[in-house]
Amino acid sequence: MSTPFDALTDFALRHPRLVVLTGAGVSTESGIPDYRDANGDWKRSPPVDFRAFMGSEAVRRRYWARSLVGWRVMGRAHPGAAHRALAQLEQAGRVALVLTQNVDGLHHAAGSRRVLDLHGRIDTVRCMACEARLPRAVLQDELLALNPDWAALEAGIAPDGDADLEGHAFDAFRVPACAACGGLLKPDVVFFGESVPRERVEAGMAAVRGCDAVLVAGSSLMVYSGFRFVQAAAAAGRPVAAVNLGRTRADDLLALKLQAPCGEALEALARAVQGTVPAAA
C-alpha cells in the first residue's frame, strides 16, 4: 500500500546525493518555536535587528534579559525525530551536506557530521571587539550572578532562545562586557540585517553545485539567506523538493512538495532508504 511519503522516497532514490536545507520546522518537536505561520507570515515581532543591537544599550539589555529566561529551553533542547533521521540518512551516504538556517546546534547533537551552520550557533558568544568567544552557558551564569532577581521569572518561549517578557522594565538589567577586552558581547549568530559570512555562502553554493538535488525541510524560505540556495539549485538544473507545513517562497521552483511534519516525513524517508547503498566512509 502506498503512503504519502512514497514520492519523497522516490525523489531521494533518484537523487542519492542530497543537500538538505533545514529551517525552524525541524526543531519544533524539540520545543523550539518557529517564526512563521502556514502562509509564511510572522507569528510575532521579528527578531532583534543587528544595527539596533549594536547601536543601543537599551536594546542589548532587553535582548539579554529575554535571553536569560529563554536559554533555559534552548540550552536543554534535545534532537528530535527530524534531526535523528537526517543523521541516519547521512550515515547511509544519502546526505552530502545539511545546510541549516537554525542556530540551535541540534543537527550536530543528533550525530550529523556534514553540517554548515549558515547563521552561526546560539551556544557561543562572541566579542565584537577582540573576537574572543565563550560558551553561552558561561555567560548565563554571569547574567544570573549580575541579575539574581530575574532567575525566577517565567515567560513564553520564543524562537532562538528568546522569551516574551512584555511589561518588564529592563533599565536596571546588567549585561557583562568581554572579560578579555571590555568589548560588547553578542551571540555568535547572524542577526536580521547582518550579512552571512561570505565563506559560508560560498561553501553552501559549492555543495549545491556538487549535489544531485536539494531537499528543503521545515523552512518557508522567506529569508533570502536560505532562498538563494534554492534559486541557485534551480538555475543549475538541480531539482528541489520540500517538506514544509505551509507555503514557501520557492513553491514555483519545486519539483515536489510534501505538506507534513518534518519528523514524520524524514523518519519515513530514513526507514525507506537505509541499506539501499553502502554506508559512507
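This is a predicted model: local features need pLDDT of at least 70, side-chain atom pairs count only at pLDDT 80 or more; totals for chains, interfaces and linings use all residues.
Residues are numbered from 1 along each chain as its sequence is written, and side-chain values use heavy atoms, leaving out hydrogens and water.

**Exercise 1.** Work out how helix 4 and helix 9 are oriented to each other.

*Solution.* Start with the axes: those of helix 4 (residues 81-91) and helix 9 (residues 262-273) cross at roughly 25 degrees and come within 8 Å. Helix 4 and helix 9 are therefore roughly parallel. Next, look at who touches whom (contact means heavy atoms within 4.5 Å): helix 4 brings Ala81, Ala82, Ala85, Leu86, Gln88 and Leu89, while helix 9 brings Cys262, Gly263, Leu266, Glu267, Leu269, Ala270 and Val273.

**Exercise 2.** Find out whether Thr248 is buried or exposed, and what its side chain reaches.

*Solution.* Then check its relative accessible area, which is 3%; buried means under 20%, exposed over 50%, and partly exposed in between, with a 1.4 Å probe and protein chains only. So Thr248 is buried. Now follow the side chain of Thr248: the backbone nitrogen of Ala250 is at 3.1 Å, and the side chain of Asp251 makes a polar contact with that of Thr248 at 2.7 Å. Finally, leaving aside residues up to four places away in sequence, Thr248 touches Ser219, Ser220, Leu221, Met222, Leu254 and Lys257. A polar contact here is a pair of N or O atoms within 3.5 Å; within protein, one must be able to donate a hydrogen and the other to accept it, and residues adjacent in sequence count only if both atoms are side-chain atoms.

How values were computed
Axes are lines fitted to C-alpha atoms, for helices over the stretch in contact, and angles run from 0 to 180 degrees between N-to-C directions. Helices (H or I, at least four residues) and strands (E, at least two) are DSSP runs, numbered from the N terminus. Angles under 35 degrees count as roughly parallel, over 145 as roughly antiparallel, 65 to 115 as roughly perpendicular and the rest as oblique.
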